[in-house]
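Hi everyone, thanks for coming. Please take a look at the model on the screen, and then I'll walk you through one part of it.

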Amino acid sequence: MIDATSPNATIIRRATYASVAVATLLILIKLFGWWVTHSVSLQASLIDSLLDAFASFINMFAVAHALKPADKEHRFGHGKAESLAALGQAVFIGGSSLWLLFEAREHFLHPHPLESSEVGLFVMGIAMAIILILISYQGKVVRKTGSVAIAADRVHYQSDLLINIAVIISLTSAEIFHIHILDPLCGAAIGIYILWTAWKITLHAFNVLMDRELEDEERAKILAIIKAHPEVVGVQDLRTRSSGLQQFIQLRLLVRSDHLLSAAHTIAEGVEQEIIREYPNSQVMIRLIPSRNGKQAISKE
């Protein structure tokens, strides 16, 4: 199981701190831009950043809780707090998308002229540069740790990046071509995209909370590791699930019945170490079953 002081845990904590810092900075930048331009689309981006900031604060505290070691009341650790945080973020993302769709409709029916578009463009350019740096960093964290909460938070800022692009398009079209219809159209398209990503986050977090099996390719990989041991006759009843950064793997290991208990235990330890080598944050539980005929048993999954 993962250690709260491990390098991966430290990386995840730093990612949550970076997210909160960036959210706060974006709010200040966009607040200035909206105050100067009175742009409705920039106001929408500001409100989206406020939602992002709130979600990032929730995420930071949830991840800190998820990384706590197992205790007397939580023998399997606190990893599912990450998925709960992801569900909470999906609610905020979905709410943000519905609000954007409503605003897009209002702007389509009642277009508003924009003021000081060049200031708004400068502000959004700075915001985009900051977000690009953050999502690049978060992508590296997700690839290294597989953190569900950081992946969900990254979606926030990817959607924020799209919103910023839409704002820039609307400001540019209004400033140069005096076209105001692009603002609600871009807003509606972004709202639909954000709603779709919120659904994906919800589905993934729900699967973790419901102890869904690992993906088929992961299960096949685990089975291959087990069967590669020369003394293993077969494997039955492989059960897997994940919780935060941890994987839980249970199985019944078939060994020859003429093995002494100590020898069978050594085989089980060898299989366990091979699995942990490939899945360092896993907890492996093995039940030894004697195989009377000594032939390769059919795996019952």
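In which sense do strand E2 and strand E3 pair, and over how many bridges? They pair in the parallel sense, over ten bridges, with E2 covering residues 246-256 and E3 covering residues 282-291. A quick word on what you're seeing: this is a predicted model, where local features need pLDDT of at least 70 and side-chain atom pairs count only at pLDDT 80 or more, while totals for chains, interfaces and linings use all residues. Residues are numbered from 1 along each chain as its sequence is written, and side-chain values use heavy atoms, leaving out hydrogens and water.

On terms, helices (H or I, at least four residues) and strands (E, at least two) are DSSP runs numbered from the N terminus, and two strands pair if DSSP finds at least two bridges between them.

Back to our pair: Val 255 has Pro 290 in E3 as its bridge partner. From E2 the chain goes through helix H8, residues 261-278, to E3, in a right-handed β-α-β crossover (clockwise from the first strand over the helix to the second, with the strands pointing away from the viewer).

Now the whole sheet. It is open, has three strands in the order E1-E2-E3, and its pairing is mixed. E1 (234-243) and E3 are the edge strands, each pairing on one side only. H8 packs on this sheet, touching E2 and E3, and its direction makes about 145° with that of E3. Contact here means heavy atoms within 4.5 Å; axes are lines fitted to C-alpha atoms, for helices over the stretch in contact, with angles from 0 to 180 degrees between N-to-C directions.

Helix H7 (residues 216-227) lies across E1 and E2, at about 135° to E1. The H7 and H8 axes come within 9 Å and cross at roughly 140°. Among the residues making that contact are Ile 222 of H7 and Val 271 of H8.
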